[in-house]
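Here are some notes to read beside the structure, written for someone meeting a protein model for the first time. Please keep the view open and find each residue as it is named.

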Amino acid sequence: MSVDDLLTTATAEQRPFEEIDVAAGAHELVTGLLAHPWGQVSASPYETGRMVGLAPWLAGHAERLDFLLATQRSDGGWGAPDGYDLVPTLSATEALLAELRREPAGPGRAVLAGAAHRGVGMLRRRSRPDSGPALPDMPAIELIVPSLVSLINGHLEAEGSSERLELPAGMNGVKLSAIRARMASGAEVPQKLLHALEVVGEAADKASGVVPSPIAKTWGSPEATGEAGAPGSPAEAVATIGASPAAGAAWLGTAGESDPADPVRRYLEKVVAGFGGPVPCALPVTVFERGWTLSWLRRAGIPVDVPPELVKSLDDGVGPVGGPAGPGLPPDADTTSVALYALTLLGVPREPDALWAYETDTHFCTWHGEEGASPTVNAHVLDAFGAYLRRDADAVPRYAEAVDKLSAWLCGCQEAEGNWLDRWHASPYYATACCSLALDEYGGAGSEGTVRRAVRWVLDSQRADGSWGRWEGTAEETAYALQTLLLTGAAGEEERLEAVARGYRFLLGAVAGRGAPTDAPALWHDKDLYLPAAIVRAAILGALHLAGRALRAPQPDRPGAVIGGHRNSAGELYFTKRTNSHICPMSP
């Protein structure tokens, strides 16, 4: 089937191209960043389970129980496959067992008991030697699992059961015990641990080594969030523990119910009110959301006006040693580099010197003390350094040396099949898009073969319906695949455009009128998988914009054929097209 056929053949479920107004969708998305300044993320079975167990007194308790019951799978588990289900299933099961002990009788007991024991059954099957896949690299998983296994075994013992859950192979409670001992001593707690403070149990209760992080008005106006008072004002002070509802509830402990004026309790109430009971793993995530969203839109060349206050929030969010995703979280190289790259694309570049704090001998760490390494973090640092060098040809040589170092490291960690895997996202299509786009744009000639292999992998892994995805075809992963094909020029034109046409057709059928996906699974790593809705929508809009432009152009080997996307020295996106005799630029 030719590209012309792919573009003209439609089914009843597929919309004409004109129905997706990308510019209007981008405007709506950017406006939403201001309307929801704490961020737009999905509710988490893990975090919601912790709130059921830790804060049954908090408003929305019944709704949290309903959420857990509604999201349980038929096999008794919660969450995604390939080991991603262990943490949410442990949390939800423990929450239901705790609720049963608090409410020994009642009209809903049979439903709760059935769900809890289905969860226990699934966990017992997972406790068998060599049962289940290897566990994914999730934040604090080595602490969360032993903590929850111990709690569940306590509930089972109280029920009179002699069966116990066992820890997965290779996992023990030694690190958790050490952290609990540190907490009990009153020592200061590292900021990165605060996000999962709930794992330390009773030692978290008003722990002296933990200081709540105020959420200042700069993280969002009360008018935008529907709050009654200004966050950070004396009358309505709001503060978070590690940007985590569960951590906040653990720190409040037994005093939480009796002190409605506590700033951390106010934080919990605002989160619960915003989500109707269930809670996400992390909030606020203001700088994270704004950096990724605006960089995806601008990288794709979508014409959208960005309000000055959004630009200022990114600028203010990066300090001398970088910036955090939100208050209560530690500064990290990922948030810092994406914010700096977005500022460059927005026309207000800053020297990315804050990133030197994260340099190691071989690569850049997400934060110091990181166990492992992230290709996407290093790809984002490469974006920030490369964009800076493009703007300032006289930059100190250290930046050019770092670009070479990053490029070599990223090329070296490419998988044999041509893709990348990463510790911050479940899908290889996200990691492959981040790495191949950075290498294609800033990695130089030495990266060309690596990018070609990545594009080959994307082409070879397209599904029959035109989509891409790890477990099934999704709009999010299809968007990453399309951007990989359209913002690099490393494939034969006819084959590439045919794949783009099929992917575009799938994407049109998987989104609403302004680019919001009709079904978006959680694929991003936190304590549980989550969906950052604004970021994902921005990536989808970018793919729609790029694919629509490419496919409306004349076909390969004809005058006007689109070759690929590139940026000029000012960072502006250009496509190249073929004329009768040479290749020339197309304006955005």
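1. **The chain as a whole.** Please bear in mind throughout that this is a predicted model. The protein chain holds 22 helices and 7 strands, and of its 588 residues 58% are buried. If you consider the contacts in the chain with a separation of 6 or more, 71% of them are made by residues 24 or more positions apart.

2. **A cis peptide bond.** Most peptide bonds are trans. Between Leu283 and Pro284, however, the model has a cis peptide bond, with omega at about 0 degrees. To find Pro284, look in the loop that runs between α12 (263-275) and α13 (286-299).

3. **Two alanines with positive phi.** Most residues other than glycine have a negative phi. Ala140 is not a glycine, yet its phi is positive, at about 65 degrees, and this residue sits in the loop between α6 (109-127) and α7 (141-158). Ala243 likewise has a positive phi, about 55 degrees, without being a glycine, and its place is the loop between β2 (239-240) and α11 (245-252).

4. **Are these two alanines buried or exposed?** Ala140 has a relative accessibility of 18%, and it counts as buried because the cut-off for that word is under 20%. Ala243 has a relative accessibility of 0%, so this residue counts as buried too.

5. **How α13 meets α14.** Helix α13 packs against helix α14 (residues 308-316) at an angle of about 115 degrees, and their axes are 10 Å apart. The crossing in which α13 passes α14 is left-handed. On the α13 side the contact is made by Val287, Arg290, Gly291 and Leu294, and these meet Leu310, Ser313 and Leu314 in α14. Sorted by class, the residues of this contact are 4 nonpolar, 2 polar and 1 charged.

6. Where does Tyr429 lie? This residue belongs to helix α18, and with a relative accessible area of 5% Tyr429 is buried. Asn419 is 10 residues away from Tyr429 along the chain, and the C-alpha atoms of the two are separated by 7.6 Å. When neighbours within four places in sequence are left aside, the residues in contact with Tyr429 are Trp457, Ser461, Trp468, Gly469, Arg470, Glu477, Tyr480 and Ala481.

7. **The largest cavity.** How many cavities of 30 Å³ or more does a search of the whole structure find? The search finds 3, and the largest cavity has a volume of about 130 Å³. Its lining includes Trp292, Trp296, Tyr341, His380, Asp383 and Cys434. Two or more lining residues come from each of α13, α15 (333-345), α16 (375-391) and α18 (428-442), and α13 gives the most, with 4 residues. By class, the lining of the largest cavity has 7 nonpolar, 2 polar and 2 charged residues.

8. **The second largest cavity.** The second largest cavity has a volume of about 40 Å³. Among the residues that line it are Gly83, Tyr84, Pro136, Met138, Lys527 and Asp528. Its lining divides into 7 nonpolar, 1 polar and 2 charged residues.

9. **The largest pocket.** About 1000 Å³ of space lies in the largest pocket. Its lining is made by 40 residues, and those nearest the centre are Pro139, Lys192, His195, Trp367 and Trp424. The elements that give two or more residues to this lining include α8 (174-184), α9 (191-194) and β3 (524-525), while the largest share, 3 residues, comes from α7. By class, the lining has 24 nonpolar, 5 polar and 11 charged residues.

10. **The second largest pocket.** The second largest pocket holds about 620 Å³ of space. There are 25 residues in its lining, and Gly53, Leu54, Leu151, Gly201 and Glu202 are the closest to its centre. At least two lining residues are supplied by each of α3 (45-54), α5 (86-102), α7 and α11, and α7 has the largest share, with 5 residues. The classes in this lining are 12 nonpolar, 6 polar and 7 charged.

Methods:
Residues numbered from 1 in each chain as written. Predicted model: local features only at pLDDT ≥ 70, side-chain atom pairs only at ≥ 80, totals over all residues. Heavy atoms only, no water. Buried < 20%, exposed > 50% of the residue type's maximum accessible area, 1.4 Å probe, protein only. Axes fitted to C-alpha atoms, helices over the stretch in contact; angles between N-to-C directions. Left-handed = near helix turned anticlockwise from the far one by under 90°. Contact = heavy atoms within 4.5 Å. Nonpolar A, V, L, I, M, F, W, Y, C, P; charged D, E, K, R; others polar. 1 Å grid on protein atoms, 1.4 Å probe; cavity = no way out; pocket = protein on both sides within 12 Å on 5 of 7 lines; lining within 4 Å. Points joined across faces, edges and corners; volume = space filled by probe spheres on them.
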